[in-house]
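User: I would like a close look at one part of this model. Please keep to the geometry and give the cut-offs behind the terms.

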Amino acid sequence: MKKWYGKKAATKIKYAEAFETADFCRQITQEEVFTYLPMLERSYVIDSTKDWVNTGIEITKGEVIEMSAEGRFVWKREGRELCGPDGADVYSYSANKPMPAASTGALIARIGTDAKETFLVGSKKTIVATTSGRLYLGINDDKTSDNDGEYRVWVKRQQKN
Ligand SMILES: [Ca+2]
């Protein structure tokens, strides 16, 4: 990255796309991006039409994790209703959403597979993990099939001593 962009510009780059990694003659995996470009924070594309994205990050109880998100997506195709990571302005309760009382379309996360461990992230959140397990990221929506678009989420783990 420094070779292509110079050191100063490289520190400003937030994620790498296939264009930058063409030297590998194949699409490199997300894990390889993290390995070869350790100066990048880990980031994930959250497709609004999917229920949960497995980040592959194993969280330990008590660990501090910072998450921030950008992007907008259509959470209801009919009417082209757009929202960002904090969710839709129009509030509607639905027992079928992963978090019934939180805004539709909001970015949510879960540690492990227990639905009780689901929490709201929104556009930015720092948490202390209350349990250990795999980190999943998702959208608080009871119907993902009528969505269109994605969020990009950055996950930063506090360095362990
Ligand atoms: Ca929807």
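Analyst: The model is predicted; local features are given where pLDDT is at least 70, side-chain atom pairs count only at pLDDT 80 or more, and totals for chains, interfaces and linings use all residues. Residue numbers start from 1 along each chain, as its sequence is written. The mean pLDDT (the predictor's confidence in each residue, from 0 to 100) is 85 for the protein chain, and 78% of the residues reach 70 or more.

Some context comes before the detail. The chain has three helices and nine strands, where helices (H or I, at least four residues) and strands (E, at least two) are DSSP runs numbered from the N terminus. In sequence order, the pattern is α-α-α-β-β-β-β-β-β-β-β-β. Two residues are in contact if their C-beta atoms, placed from the backbone, lie within 7 Å. Of the contacts with a separation of 6 or more, 67% are between residues 24 or more positions apart.

Now the strand itself. Two strands are taken to pair if DSSP finds at least two bridges between them. Strand 3 pairs antiparallel with strand 9 (148–157) over ten bridges; methionine 67 has valine 155 of strand 9 as its bridge partner. Strand 3 also runs antiparallel to strand 7 (residues 124–128), joined by five bridges, and serine 68 is bridged there to lysine 124. With strand 4 (residues 81–83), strand 3 forms three bridges, again antiparallel, and phenylalanine 73 has cysteine 83 as its partner.

The hairpin of strand 3 and strand 4 leaves four residues between the strands, and glycine 79 has a positive phi near 95° there. Arginine 80 lies in the loop between these two strands and has phi near 45°, positive although the residue is not glycine. Most residues other than glycine have a negative phi. A residue is buried if 20 or more other C-beta atoms, placed from the backbone, lie within 10 Å of its own, exposed if 12 or fewer, and partly exposed in between. Arginine 80 has 9 such atoms within 10 Å, so this residue is exposed.

Aspartate 148 belongs to strand 9 and, because 14 C-beta neighbours lie inside 10 Å, counts as partly exposed. Beyond four places in sequence, aspartate 148 touches Ser48, Phe73, Val74 and Arg77.

The C-alpha atoms of tyrosine 151 and arginine 72 are 6.3 Å apart, although the two residues are 79 positions apart along the chain.

Strand 3 also contributes to the core. A nonpolar core is a set of buried Ala, Val, Leu, Ile, Met, Phe, Trp, Tyr and Cys residues joined through C-beta atoms within 7 Å. The largest such core has 22 residues, and Ile46, Leu107, Ala109, Leu137 and Val153 have the most contacts inside it. Strand 1 (42–47), strand 3, strand 5 (107–111), strand 8 and strand 9 each give two or more residues to this core. Valine 153 touches Ser43, Tyr44, Ile46, Met67, Ala69, Leu107 and Leu137, with residues up to four places away not counted. In the chain as a whole, buried residues make up 22% of the 161 residues.
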